Amino acid sequence: MAPVKRYVLWTGRLVVGLCFIWLTYLVFDLSYILLEVKKLFSNFWLLLSMVFLYLLAFIFRAKAWQLYVNKHVGLRVFVDGVLYSLFMNHLLPVKAGDIIRSGYLARSKKVSWKTALESVFVMRLLDIIILGFIALIGILYLGLSLSYFFLMGLLIVGGLLLGSVLLKDNWRKVFINQVRKVHSILFSVKGIVILFLILISWCFEALIILAVTSQFSMSLSYLEAIWVNSFTIAGQVFHFSPGGIGTYESFMSFALRAFQIPMKEAYTIAVVTHGFKFIFSFVVGIYLIVSVPIPLKTIKSWLNRKEG
């Protein structure tokens with residue numbers, strides 16, 4: 001990892017980690033969190049709807065990935081790959097899920113390792129484009145008043161990360177090549193369908209936040225929930241713990257505060273929502289280990305693999 005990129009990421013992680021500790025010190029109330037968890041789990045139909053919608057979000061994301069790869073590989077492989085990625089990212093302190101996802105697709109023997117890896121990279125770029133678009137629309141349409149210093153910080157961090165990639169020859173070539181592919185996708189019929197599927201998947205995921213907030217005395221509109229979800233997920237670039245513990249809560253609390261939700265409630269909504277996602281990821285992880293297991297030796301070889 002280039003020094004600039006490493007310093008920027010670790011500085012961001014340090015700031016986010018300190019924010020999380022500060023938030024926890026100020027508003028953490030275990031009895032209040034447990035009360036809200038109990039309310040959520042006592043509403044069977046709401047919980048079932050959340051599970052269904054969250055799963056649907058990953059199926060839509062998998063379908064978009066399948067359309068992009070455009071090989072004769074069944075949808076089940078893509079769904080399992082996306083869910084394996086989710087499970088690993090909640091299990092490990094580093095974001096290794098994308099490597100596992102690539103390896104799982106390459107394991108089908110119909111797609112090379114390089115193609116699988118590039119396809120996951122492109123899907124991530126499309127995710128970032130859509131999440132960034134939603135965040136921008138939220139600021140302009142919902143009339144959010146975010147801190148000038150916060151926005152400047154985001155621009156500086158984004159610029160430094162992009163600069164660290166472009167300064168290194170081999171990274172620059174890969175990045176430019178992938179940007180060209182994304183550009184060709186954006187202006188094709190298939191690309192529009194892929195973008196639509198990804199957009200819908202994030203809209204489904206936002207319904208989880210809407211469902212959790214419905215248990216509180218205050219509530220969000222659907223558009224506000226979509227913005228909060230997009231902002232929170234985009235913040236996972238500073239992921240430094242299993243499942244982004246700390247990062248997720250900090251970014252979601254901040255996003256909910258933009259809609260005047262008190263900090264204690266915002267923090268609790270973030271903890272409960274994240275807790276649901278953790279339980280979901282471990283349940284599907286156990287299902288995958290039983291139904292389509294990957295030997296630990298194979299996973300280690302994927303993580304250590306450097307060649308294309």
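Predicted model: local features only at pLDDT ≥ 70, side-chain atom pairs only at ≥ 80, totals over all residues.
Biologist: Are H9 and H12 parallel, antiparallel, perpendicular or oblique, and what makes them so?
Modeller: Helix H9 (residues 189–213) and helix H12 (residues 263–291) pack at an angle of about 130°, with their axes 10 Å apart. An axis is a line fitted to C-alpha atoms, for helices over the stretch in contact, and angles run from 0 to 180 degrees between N-to-C directions. Under 35 degrees is roughly parallel, over 145 roughly antiparallel, 65 to 115 roughly perpendicular and the rest oblique. H9 and H12 are therefore oblique.

Biologist: Which residues make the contact of H9 with H12?
Modeller: H9 brings Glu205, Ile208, Ile209, Val212 and Thr213, and H12 brings Ile269, Val272, Thr273, Phe276 and Lys277; contact means heavy atoms within 4.5 Å. This set divides into six nonpolar, two polar and two charged residues. Here Ala, Val, Leu, Ile, Met, Phe, Trp, Tyr, Cys and Pro count as nonpolar, Asp, Glu, Lys and Arg as charged, and the others, Gly among them, as polar.

Biologist: Lys277 is in that list, so how do you know whether Lys277 is buried or exposed?
Modeller: Lys277 of helix H12 has a relative accessible area of 3%, so Lys277 is buried. The cut-offs are under 20% for buried, over 50% for exposed and in between for partly exposed (1.4 Å probe, protein chains only). Leaving aside neighbours within four places in sequence, Lys277 is in contact with Tyr54, His90, Glu205, Asn229, Ile233 and Tyr248.

Biologist: What makes Ala64 count as buried?
Modeller: Ala64 is in helix H3 (residues 44–69), and at 0% relative accessibility Ala64 counts as buried. Beyond neighbours within four places in sequence, Ala64 is in contact with Met123, Ile194, Leu197 and Ile198.

Biologist: How do H5 and H13 lie to each other?
Modeller: Helix H5 (residues 97–106) and helix H13 (residues 296–304) pack at an angle of about 110°, with their axes 9 Å apart, and H5 and H13 are therefore roughly perpendicular. In H5, Ile99, Ile100, Gly103 and Tyr104 meet Ile299, Trp302 and Leu303 of H13. These divide into six nonpolar, one polar and no charged.

Biologist: What makes helix H11 mostly covered?
Modeller: In H11 (residues 247–257), nine of its eleven residues are buried, including Tyr248, Phe251 and Leu256.

Biologist: How many helices and strands does the protein chain have?
Modeller: There are 13 helices and zero strands; helices (H or I, at least four residues) and strands (E, at least two) are DSSP runs, numbered from the N terminus. Of the 308 residues in the protein chain, 47% are buried.

Methods:
Residues numbered from 1 in each chain as written. Heavy atoms only, no water.
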